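Have the sequence and the coordinates ready, and follow along residue by residue.

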Amino acid sequence: MPRVRPSMGLHNLGRGKAELASLYVSDCKICELGIYKGQPHRFSTGKVLGLVHDDCIEPEPAP
């Protein structure tokens with residue numbers, strides 16, 4: 001079963017603006033949503049250059 005990302009509304013539930021601002025890292029270069037410290041992310045050097053969510057990266061085809 002595929003993983004489903006929570007909406008930003010559920011992700012931010014119960015957190016203040018100052019706390020969210022301190023956890024903010026960058027915007028994802030693929031989906032353009034915010035990347036926060038607790039989320040799995042990496043620097044992509046493929047078709048898209050920059051920080052992206054791990055879930056946004058397409059798996060590479062097997063040779």
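Ser-44 is buried, with a relative accessible area of 15%; here buried means under 20% relative accessible area, exposed means over 50%, and partly exposed lies in between, using a 1.4 Å probe and protein chains only. This serine belongs to strand β3, where helices (H or I, at least four residues) and strands (E, at least two) are DSSP runs numbered from the N terminus. Please keep in mind that this is a predicted model, in which local features need pLDDT of at least 70 and side-chain atom pairs count only at pLDDT 80 or more, while totals for chains, interfaces and linings use all residues. Residues are numbered from 1 along each chain as its sequence is written, and side-chain values use heavy atoms, with hydrogens and water left out.

What does Ser-44 touch, not counting residues up to four places away in sequence? The list is Leu-49, Gly-50 and Val-52, with contact meaning heavy atoms within 4.5 Å. The side chain of Ser-44 also reaches the backbone oxygen of Val-48 at 2.9 Å. This is a polar contact, that is, a pair of N or O atoms within 3.5 Å; within protein, one must be able to donate a hydrogen and the other to accept it, and residues adjacent in sequence count only if both atoms are side-chain atoms. A further reference point is Ile-57, which is 13 residues from Ser-44 in sequence and 8.3 Å from it in space, C-alpha to C-alpha.

## The β3–β4 hairpin

Strands β3 and β4 form a hairpin, with three residues between them. They pair in the antiparallel sense over five bridges; two strands pair if DSSP finds at least two bridges between them. In β4, Gly-50 is the bridge partner of Ser-44.

Gly-50 itself sits in strand β4 and is buried, with a relative accessible area of 5%. Leaving aside neighbours within four places in sequence, Gly-50 is in contact with Lys-29, Arg-42, Phe-43 and Ser-44. Between Gly-50 and Ile-30 there are 9.2 Å in space, C-alpha to C-alpha, and the two are 20 residues apart in sequence.

His-53 also lies in strand β4. Its relative accessible area of 6% makes His-53 buried, and a polar contact of 3.4 Å joins its side chain to that of Gln-39.

## One salt bridge

How many salt bridges does the count come to? The answer is one, where a salt bridge is a side-chain nitrogen of Lys or Arg within 4 Å of a carboxyl oxygen of Asp or Glu. The partners are Asp-54 and Arg-42, and their closest N and O atoms are 2.9 Å apart. This pair links distant parts of the chain, twelve residues apart: Arg-42 is in strand β3 (residues 41–45), and Asp-54 is in the segment after β4 (49–53).

Ser-26 is placed in strand β1 and counts as buried at 17% relative accessibility. Not counting residues up to four places away in sequence, Ser-26 touches Leu-33, Gly-34, Ile-35 and Leu-51.

The loop between β1 (24–27) and β2 holds Glu-32. Although Glu-32 is not a glycine, it has a positive phi of about 65°. Is Glu-32 buried or exposed? Glu-32 is exposed, with a relative accessible area of 63%.

## The whole chain and its confidence

The chain has two helices and four strands, running α-α-β-β-β-β from the N terminus on. Of its 63 residues, 21% are buried. Among contacts between residues at least 6 apart in sequence, 25% join residues at least 24 apart.

The average pLDDT of the chain is 75, and 60% of the residues score at least 70; pLDDT is the predictor's confidence in each residue, from 0 to 100. Confidence is highest in strand β2 (residues 34–36), at 88, and lowest in helix α1 (residues 8–11), at a mean of 54. Where pLDDT is low, the predicted coordinates should not be read in detail.
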